[in-house]
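Colleague: I would like to learn how to read a model like this one. Can we take it feature by feature?

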Amino acid sequence: MDNRLRNNKIRSIFALALRTAALLACTGPIMQTFLASLGFSSRFIYINTTLVQTANILTSSLCSQWADRGSVIKRSAICEIPHAILYLCYIPLCLWKSASFTSFAILTGICLLQSACIALYTVCEYKLPYFIYGPKDYGTVLAVSGIVSALISLGAGILITRLSQVMDYSALMMWACIVSFVMMGISALLHSLQKPIQQMHQPASRDTAPKQHALSIFREPVFRRMIPANLFRGFGY
């Protein structure tokens, strides 16, 4: 059990670090700069960002029970496999370098699918630690993962800034997507190798399973109390 617990924590730290670095290429300033480099106006960039955030929220809400069926370890890895493959779909757009509506629709479609994958993984992320290392180790693993992820993100940011001065941004984005594909793939592999330290949750039978609507979370008092905090955090982001 000690070896299994130690290995789980090490895999979690590296998987989260690689995942965090890979996400840089499909979220935030790097993707927005890529859109701008293709010739899209700030209006199209805003539309893309809004649609991606909406897809993430809707997927999280409608698929809130995604982690409650089967093995949460396998489902965490399953979310990352299509996410990794979708990075390769950006490559033709990097070579095409068109600001047409068709290009925008294809790129936004890829972004939406990746956003859905991120949301499904997030649903699993809050449940996964209880099966692979337990609550008492959560803080330590999260802190170490955060430090490693921050260092990788910082290094990636510096590298991209330097390379963007000597490379065409579309070519830089192409290589960023290839590297992100590899990192997300390794993260999925590390997650699939995790071993449960306790019996995995077994879904209730059809006769005993409680009837609960996926959107019932919006009626919970704790959800309403957290609305102001989440709104301010969103504006701050």
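Colleague: Let us start with K97. Is K97 buried, exposed or partly exposed?

Modeller: This is a predicted model, so every value here is computed from its atoms. Buried means under 20% relative accessible area, and exposed means over 50%. K97 has a relative accessible area of 46%, so K97 is partly exposed. K97 sits in the loop between α5 and α6.

Colleague: What is the phi of K97?

Modeller: The general idea comes before the case. Most residues other than glycine have a negative phi. The phi of K97 is near 50°, a positive value in a residue other than glycine.

Colleague: Now the whole fold. How many helices and strands does the protein have?

Modeller: The protein has 10 helices and zero strands. The elements run α-α-α-α-α-α-α-α-α-α. The radius of gyration is 19 Å, close to the 18 Å that the globule rule gives for 237 residues, so the protein is as compact as a globular protein of that length.

Colleague: What does the C-alpha trace span along its principal axes?

Modeller: The C-alpha trace spans about 55 × 40 × 30 Å.

Colleague: Which share of contacts joins residues at least 24 apart?

Modeller: Contact means heavy atoms within 4.5 Å. Take the contacts between residues at least 6 apart in sequence; 88% of them join residues at least 24 apart.

Colleague: And the surface? Which share of the accessible surface belongs to carbon and sulfur atoms?

Modeller: The accessible surface comes to about 13700 Å², and 68% of it belongs to carbon and sulfur atoms. Of the 237 residues, 36% count as buried.

Colleague: How many positive and negative charges does the protein have, and how far apart are their mean positions?

Modeller: Compare the two mean positions. There are 20 positive and 8 negative charges, and their mean positions are 2 Å apart.

Colleague: Take F34. What does F34 touch?

Modeller: Set aside residues up to four places away in sequence. F34 then touches L93, C94, L107, Y169, S170 and M173.

Colleague: Which residues of α4 are buried?

Modeller: List them along the helix. The buried residues of α4 are V72, I73, R75, S76, A77, C79, E80, H83, A84, L86 and Y87. These buried residues pack against α1, α5, α6, α7 (129-132) and α9.

Colleague: What is S187 in contact with?

Modeller: S187 also belongs to helix α9. Its relative accessible area is 0%, so S187 is buried. Beyond its neighbours within four places in sequence, S187 is in contact with A15, R19 and E80.

Colleague: What about A188: buried or exposed?

Modeller: A188 is found in helix α9. A188 is buried, with a relative accessible area of 8%. Its contacts, leaving aside neighbours within four places in sequence, are A77, E80 and I81. A188 and A84 are 104 residues apart along the chain, with C-alpha atoms separated by 8.6 Å.

Colleague: One last pair. How far apart in space are F44 and Y138?

Modeller: F44 and Y138 are 94 residues apart in sequence and 40 Å apart in space, C-alpha to C-alpha. F44 is in helix α3. At 27% relative accessibility, F44 counts as partly exposed.

How values were computed:
Residues numbered from 1 in each chain as written. Predicted model: local features only at pLDDT ≥ 70, side-chain atom pairs only at ≥ 80, totals over all residues. Heavy atoms only, no water. Helix = DSSP H or I, 4+ residues; strand = E, 2+ residues; numbered from the N terminus. Rg over C-alpha atoms; globule rule 2.2 N^0.38 Å. Buried < 20%, exposed > 50% of the residue type's maximum accessible area, 1.4 Å probe, protein only. Areas by Shrake-Rupley, 256 points an atom, 1.4 Å probe, with all protein chains shown as cover. Lys, Arg positive; Asp, Glu negative; His and termini not counted. Charge placed at Lys NZ, Arg CZ, Asp CG, Glu CD.
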